[in-house]
Structures are given as structure tokens and as C-alpha cells.
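I opened my notebook to look up a few features of one chain. My entries follow the order in which I checked them.

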Amino acid sequence: MHSNHLLLEEPIRMASILEPSKASFFPAMTKIVGTLGPKSRSVEVISGCLKAGMSVARFDFSWGNPEYHQETLENLKAAIKSTKKLCAVMLDTVGPELQVVNKSEKAISLQADGVVVLTPDQEKEASSELLPINFDGLSKAVKKGDTIFIGQYLFTGSETTSVWLEVSEVTGDDVVCVIKNSATLAGSLFTLHGSQIRIELPTLSDKDKEVISTWGVQNKIDFLSLSYTRHAEDVRHAREFLSKLGDLSQTQIFAKIENVEGLNHFDEILQEADGIILSRGNLGIDLPPEKVFLFQKAALYKCNMAGKPAVVTRVVDSMTDNLRPTRAEATDVANAVLDGTDAILLGAETLRGLYPIETISTVGRICSEAEKVFNQDLYFKKTVKYVGEPMTHLESIASSAVRAAIKVKASVIICFTSSGRAARLIAKYRPTMPVLSVVIPRLKTNQLKWSFSGAFEARQSLIVRGLFPMLADPRHPAESTSATNESVLKVALDHGKTSGIIKSHDRVVVCQKVGDASVVKIIELED
């Protein structure tokens, strides 16, 4: 797996680019989050998605009711059972999303240089002259000359399904706009995005809270994707809300950065959140096009150094209707991997796209190729330098394990963990080989019944690059008194062998706790 580790900085034989890639058990180290919807909710399609490499399923509550999403989730559970592939669940909140309401669902055609009025009166019928919206404070938030964007799938560049408007005047509650490009809006709901405009609405709406406390609690969601996170306070507020909902106190919060306000408070948001989603669709509208790449590179670097997962969205829009991505999209996916993303999030491509399974496998193949030329050596030095000295005990063990694994060309790093922290720290140093995180369940009680923790921790590593969890048998301790965790280690090695990542005579680096000490050891396998 590692002998073919090329570096872009070194000359590559052009002919070698055409050599077919070797298939491996893990499609890629980079994870894929798939949004489940109309085109991807049957057991059959979800099973295909899991086999193709999806490891997190996202449920977007901007549309569809809880019952609809529950049916999809039941199908996901059946698919997990039949494919024996773990998958985590992410609930995506609606947040302060502004929408145009088109009750009749008739297509609305808008002509460039024409005039259209945005009104908060939702009783009115949507037409080419009038668009009702679900927010009555727009007239107070905008001023003459502001840019407003309306479309079903935010800015893609092929703008026939979405429209740019420029505010020409504000009259009472209505906003009068000049249409900048001809477009046809089809469907019942369109998103409205005001470029660099502050919307006074709570990040976690009452509707979101209701969904989380019913659907979320019932299904013990692993991740909460907090749409339109603008301040660290938004994350704190959400965490406080989750902490009162039993099991959901373990749910990780991923802050979705969607506008300039979130970008301005990025550092403090990163400190509070468990991970970050770069919502490039909305950001692409808020930022000048020439600044989009810069934000991506800076944000991913910050997430990497903090050891928190970063997720990039909107990468292969054109695969919603086509079997192949454009050249720009294929390059974009690879660059996201080289920039340091942990996961790629697919939205419309899997939700209502014609080729959900093919999209996941194409993205997985691109990620896998990019990982081969990822400059791990440089990345490792940067990370160690950033962390500085003295290192914490855990950080020092994690970096040593990765360095040892690279020096001895280990085929895998096995890490025993109960909270998942140790494994995430190892993954932070981006080893070139997979990290098998063996999650040891902990017994806990609420005075009435016993239960094991561990499933949450295992599923939550499904969004971290290079981390592959397996749940250990609770009867085998992780913190053994002797220096051998024979039983659990044997199970982990067997798992590695059956999955084809470990072969005889391979070297394996093991990271474990023995009593109070942490130990890194190198094992050479017999036949």
C-alpha cells in the first residue's frame, strides 16, 4: 500500500499515471457523507452506497417530514445489517434559512432587467412579478444595491435555475429588486440568500429543537450539523440544549460555516465545535469567487492543526444528472484532499441525483488517488511544529506511533481506545496507513440498569480521515494489567487479515494503555 506512495514534488513518470489503481478494502482514507433522499432511500440503493464507501448518512430537515426521514433511517439500518458496514447518522438543521414559497409549484420565469417584488405576505401567489418569502424582516435587513440570490441549488455557475437580484428600493415590508439574469424557478421551495446581509433569526429554530428532541433522541443521532453557525455562542447554545436530552449529550456538533459572519468568527467557533462543515454553496455566494479557495485552504489548515474533522461540500454538482464529473470537479475533489479535508459531503448528488452509488464510488476513487500523493512528511513536520513543546502525554504518544509506523512501513496502526480520543489524535498526524480504532466498551449504570458505552464513539470516528472503527468484545479489557492484550489484539489482527489490509510478515504498530502508562509497540506477523 505504501511502496507506491508518490509525491507530486518528485518527478512522476507520466506513463505511471495510467496504471490502474489497486483495489483495497477501504475505498479511501477520506470519508464520504451521503445525503439520503428521494433517489437514495431504498434498502437496495443505500446498501450500494455503503459498499461504495459512504460512512455517514445525512438527513436534511430543510425538506421532508420526520416520518419520511424515519422510513429512510429504517432502510439504512436494514442496509447496515445486510452489508455489515458501520454508518453514522447526521441530522442537518434548517436554521435561519430564508425561502421563497411557491404554493402552486408552477414554474416561474424571470427576465433579465425586469423587476420583481419580494413580499412577506405568504398568502399571495408566486408569479414573475411577486415572490412571497417566509421572513418578515427582510426589508429591515437590506438596503439599495444589496445582492440577493434565489435558487433551488445554490450557485453552480450554470445559472438557469437560479437568479441574481439587486435591491432597487424598499417600500414598507416589500423589497423591490431588479433581475440581473434570466432564469426559470421550478418547484415549491427556493432558498433565498442575501449576500453579506445579517439576518436576525436564531441559529437553532423552534422547529429544529422539536425535531432534535423527538426524531434526534429517538434515533440517538451521532452528529448534529448546525446550519448557519455565525458565533461560538450558537454552538454553546446547541450543546446546552443537547446536554438535557439524555443520550444526545454525546452527540458531536459540526458547525456549518455558510456566510461571512461565520467566517469572521471562525477561530472561536472551531474552539467550541467538534468539527466544521465548509458549506461552499452558500459561501460561494457570500465571498468573491477569487477568495473561495483561500478560505478553504485556511479553514482546513486550522481544523487539521486543532485535530478536528473538517468536511467540504458541493464538489461534484454536475453528477446530479451526469455519470462523470467535470474536469474542474474532479480536480476540486483531489485538491480538497490535498488541502487536508477529512470528509467530502454529497448533497443533491445523492439526495435527488440520478447516480448516487456511482457518485460515491467516483469521489472515493479520486480521493484515493489524491491520498497517494499527499505529502505526509511535510504535513507531519508542520503539525509537530504547530503543537510545540512540551507536548501533552497523549499527543506525544500519538505522534510517536505515527512516526514509528512510517519508519517501519507498517501496514496498519491499531489503537485501543474507549473515548476515541487517542485514535483521533493518531489520525490527526495523517499516517499513510489506516488506523484501526478498537473501541473498548465501558460499563455504565444509571442505578436502574447496566449499559455499555462505545457505539457512539465508534460511529463518530467514521467522519475522521484514515480512522476505521471496530467494537471490541466488552469481556476483553483494553487496559490490561499485563503487557499483552492478546485477546482483543488477536481479534483486531484477524479483522485486519480478513479485510485484506494485513498480510503475513507485515508489521503492525499497536498503541494501548497498560495500567497508567501508554505503550507503542511494533509487531511483526508470522505466517
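**Surface patch**

I started with L18, which I found in the segment before β1 (31-35). Strands here are DSSP runs (E, at least two residues), helices are DSSP runs too (H or I, at least four), and both are numbered from the N terminus. I was working on a predicted model, where local features need pLDDT of at least 70, side-chain atom pairs count only at pLDDT 80 or more, and totals for chains, interfaces and linings use all residues. Residues are numbered from 1 along each chain as its sequence is written, and side-chain values use heavy atoms, with hydrogens and water left out.

L18 is exposed, at a relative accessible area of 72%. I noted the cut-offs: buried is under 20% relative accessible area, exposed is over 50%, and partly exposed is in between (1.4 Å probe, protein chains only).

**Cysteines**

How many disulfides does a search of the whole structure find? I got zero. A disulfide is a pair of cysteine sulfur atoms within 2.5 Å. I checked C87: its closest cysteine sulfur is in C49, 9.3 Å away, too far for a bond. C87 is buried at 4% relative accessibility. C177 is also buried, at 0%.

**Salt bridges**

My search of the whole structure gave 26 salt bridges. Each is a side-chain nitrogen of Lys or Arg within 4 Å of a carboxyl oxygen of Asp or Glu.

I looked at D92 and K256 next. Their closest N and O atoms are 3.1 Å apart. This pair links distant parts of the chain: D92 sits in strand β3 (residues 88-92) and K256 in strand β14 (residues 252-257), 164 residues apart. Are D92 and K256 buried or exposed? Both are buried.

E240 and K244 form another salt bridge, at 3.8 Å from N to O. E240 is partly exposed at 47% relative accessibility, and K244 is exposed at 64%.

Then I turned to K302 and D267, whose side chains meet at 3.1 Å, N to O. K302 lies in helix α9 (residues 292-306) and D267 in helix α7 (residues 266-272), so the pair ties together parts 35 residues apart in sequence. K302 is partly exposed at 33%, and D267 is partly exposed at 45%.

Last, I traced a network: salt bridges that share partners join R58, D60, D92 and K256.
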